[in-house]
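Thank you all for coming. Before I start talking, please take a moment to look at the sequence and the model on the screen.

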Amino acid sequence: MSLFTHLLACLFGMGSWVSINGLWVELPLIVPQIPEGWYLPSYLSILIQMANVGPLFITLMHRFHPGALNETAAIYVIISLGSVATFLLGFFWKETLVVAGAPRSVALLVLTFFLAVVDCTSSVTFLPFMMHLKPQYLTTYFIGEGVSGLLPALVALIQGVGVVHCKNSTHLLNQTFTTFSNAVVVELQAQYQPANFSAEVFFFFLSAMMLVCLVAFLLLNYHPSVAREHPDKRYTNGVKEPCQKGRMCSAQRSMIDPYRPAKQRRKSSFGTGVYSWWQVFYIFAILSWVNALTNTALPSVQSYSCMPYGNNAYHLSATLAAVSNPMACFIALFVPIRSLVFMGTLTVAGSAVGAYIMGMAVLSPCPLLVNDTSGGAVMVLAWIFFILSLSYVKVIIGLILRDEGHSALVWCGAVVQLGSLLGAITMFPLVSVYDLFTSGDPCNTKCP
């Protein structure tokens, strides 16, 4: 395998969600300077789900007009759109227009919608494109997809977004209504530190990352050393050789696991027919569930689950969870366990840890072990295991479906978006409408 091709696949995958992930980590810096305030995350959730019109269109085209859509051209369009939109955000994110008698961040919301269309559509275009390369490069692509969340988070940490210092603050407290005596109370107060560089610079950085993704995609299509890695072509010194008589080219063979029996009775009409319809349903159900948890459900309550344990616990859990995603992909590169039983067991274990995280978020601002140092450590470890285990499951499912063919990867991307949509629809009313969760104070945790 070519290390150069691995690098290109990683950079290509990095462009899949880097824009939206970057926008989310920049919220603490954006929110104080726009009229929507902290209602903005709710608006962003709605816009991202509306952007699923992109993957819906691609999926329907593959279903009803197979071969009519130029997949490569579509990828060029969406990467270019993402680069332009993030670049324009650097100039117009603070601009407002009066709508219905009130100032609104129209430019920010419109450009965010385009970014969401780009990132959501990448799920049903980037993955199928990886069929052009050997199966091993799909895992590297998933590593890049994980880096798309890690890299903006690390840059935001360098920027100093959301860094809190607890400082002593004094105020007067009335003791009784019958006397005029007051008591001076000293308590810690959270003070957010100014950023090391502006949001404009951060958006230009995101635009540069999208351009890197575009260059990587160009090289994946046209560089001679990458052409040798195509499974459906035979190359000698970069020149394609024709198939010899009596020898079947890999393009004519099914993309199946080499360890499977060559003559195996088809169990279904899905892909290579290796899996029965019940197994196919089982794989897609797990894929939808895992993405609902990791993409929308648990991230929407991360601050509630971690903040009561202190600002350090919150930043550690966010950063190490972001590191866990590409780490899981890296592990899967060397230890790809495709057992459906193991996949189900790991999903149950990760979901159980996710249930603990959700339970602590519900109990916020007074979760278990809130006044104990071990409480924060347990929460950080819970987030690491949760992301590590379920990210591994996602990669293994991607490898399984890659063996089933191009159409299976299109459906893989569609189910990923469906799971994310279901998670968002479930969590949005719980967080934003019914106020089921209460934020903890990073400096003052007052619990009995």
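What you see is a predicted model, and its protein chain contains 16 helices and six strands. Of the 448 residues in this chain, 49% count as buried, while the accessible surface comes to about 21,600 Å², with 67% of that belonging to carbon and sulfur atoms. If we take the contacts in the chain with a separation of 6 or more, 80% of them are between residues 24 or more positions apart.

Let us turn to the inside. The largest nonpolar core has 110 residues, and the ones that touch the most other members are Phe12, Ile79, Met130, Trp383, Phe386 and Leu401. Helix α15, which covers residues 373–404, gives the most to this core, namely 14 residues. Which residues is Phe386 in contact with, leaving aside its neighbours within four places in sequence? They are Leu293, Thr294, Leu298, Gly350, Val353, Gly354 and Ile357.

Within α5, the residues Gly54, Pro55, Ile58, Thr59 and Met61 are buried. These cover an arc of only 160° around the axis, so they lie on the same side of α5. As for what they face, the buried residues of α5 pack against α7, residues 106–129, and α16, residues 406–433.

Technical notes: Residues are numbered from 1 along each chain as its sequence is written. This is a predicted model: local features need pLDDT of at least 70, side-chain atom pairs count only at pLDDT 80 or more; totals for chains, interfaces and linings use all residues. Side-chain values use heavy atoms; hydrogens and water are left out. Helices (H or I, at least four residues) and strands (E, at least two) are DSSP runs, numbered from the N terminus. Buried means under 20% relative accessible area, exposed over 50%, partly exposed in between (1.4 Å probe, protein chains only). Contact means heavy atoms within 4.5 Å. Accessible areas come from the Shrake-Rupley method with a 1.4 Å probe; for residues, only the protein chains shown count as cover. A nonpolar core is a set of buried Ala, Val, Leu, Ile, Met, Phe, Trp, Tyr and Cys residues joined through side-chain atoms within 4.5 Å. The arc is that of the directions from the helix axis to the C-beta atoms.
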